[in-house]
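Notebook open, new model loaded.

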Amino acid sequence: MNRIFGKKKPTAPAPSLSDASGRIDQRVSAVDGKIAKLDAELRKYKEQLKKAKGPTAANIKRRAMDTLKRKKMYEQQRDQMAGQAFNIEQTSFAIDSIKDTQTTVAAMKVAASTLKAETKKLNIDSIEDTQDDLGDMMEDMNEINEMMGRSYGVPDEMDEEDLDAELACLDDELEGIEAGEEAEASYLGPAGLPVEPSAEPAGANPSAALPADGGGMDDFGLPVAPAQTT
């Protein structure tokens, strides 16, 4: 069958925007190179015109005009290709935006389904009842704390003038106690204590107080009588 009808040629892949943009960039670079060469020629002709005269100057001027025309043509082509490149970039940006939007919409759909499923697990009435119960318990705790903070044996109403007078008397009593403590401290100071007597009177001879027979002293510091011999 292939010999009769021939074999179908494989179709080439469709060009992408990236390929088209790359080819246009290459062409723009090539045109820019040509324009740069023409600028160099124009500068050379300009220097020659400063020195040339007569028919030579006219010939140089004609060649400079031709060069300038070609430069204008290349600049026009470059502007056209720059416009094409801009359109390609805008189209590529629009395609990317559409793809991003599709991804965002798909993610939002999944999120909405998940949120809906999780919301069904909650009971709004139960949540409201829980909040009411918590509010009631907090009020009960405040009442309990208020009751526990009450003082026993303290009159509810007390005259402030009586309290001020009692406070003034208390200050006088405290001042009297402090004055008495200072007087007692001065009375019991080191200057009022008697001098401790020395262990031995001045001029006393301990050995003279002992008996001649050397009986010694008892536990109370008194001389012991000598033992009598029969």
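**Salt bridges.** I began with Asp-32, which forms a salt bridge with Arg-78, the closest N and O atoms being 3.2 Å apart. My cut-off for a salt bridge is a side-chain nitrogen of Lys or Arg within 4 Å of a carboxyl oxygen of Asp or Glu. Asp-32 sits in helix α2 (residues 17-51) and Arg-78 in helix α3, so this pair ties together parts that are 46 residues apart in sequence. Helices here are DSSP runs (H or I, at least four residues), strands likewise (E, at least two), and numbering starts at the N terminus.

Before going on, a note on what I'm looking at: this is a predicted model, where local features need pLDDT of at least 70 and side-chain atom pairs count only at pLDDT 80 or more, while totals for chains, interfaces and linings use all residues. Residues are numbered from 1 along each chain as its sequence is written, and side-chain values use heavy atoms, with hydrogens and water left out.

The classes I use are buried under 20% relative accessible area, exposed over 50%, and partly exposed in between (1.4 Å probe, protein chains only).

Next I looked up Lys-71, which forms a salt bridge with Asp-39, closest N and O atoms 2.6 Å apart. Is Lys-71 buried or exposed? Lys-71 is buried, because its relative accessible area is 17%; Asp-39 comes out partly exposed at 22%. I also found that Asp-39, Lys-71 and Glu-75 are linked in a network of salt bridges.

Glu-47 and Lys-50 gave me a salt bridge at 3.7 Å, N to O. They are 3 residues apart in helix α2, so about one helical turn separates them. Glu-47 is partly exposed at 46%, whereas Lys-50 is exposed at 60%. My search of the whole structure finds 6 salt bridges.

**A buried threonine.** I went to Thr-67 in helix α3 (residues 55-120). It counts as buried, because its relative accessibility is 1%. Which residues does Thr-67 touch? Leaving out residues up to four places away in sequence, I get Leu-38, Glu-41, Leu-42 and Tyr-45; contact means heavy atoms within 4.5 Å.

**Surface patches.** I looked for patches among residues with over 30% relative accessible area and no salt bridge, joining like charges within 9 Å and nonpolar side chains (Val, Leu, Ile, Met, Phe, Trp, Tyr) within 5 Å. Met-141, Ile-144, Met-147 and Met-148 form a nonpolar one, with about 420 Å² of accessible area together. Areas are Shrake-Rupley with a 1.4 Å probe, and for residues only the protein chains shown count as cover. Ile-144 lies in helix α4 and is partly exposed at 39% relative accessibility.

**Whole chain.** I count 6 helices and 0 strands, in the order α-α-α-α-α-α along the sequence. Buried residues make up 9% of the 230 residues. Among contacts between residues at least 6 apart in sequence, 57% join residues at least 24 apart. The chain exposes about 20,600 Å², and carbon and sulfur atoms supply 57% of that.
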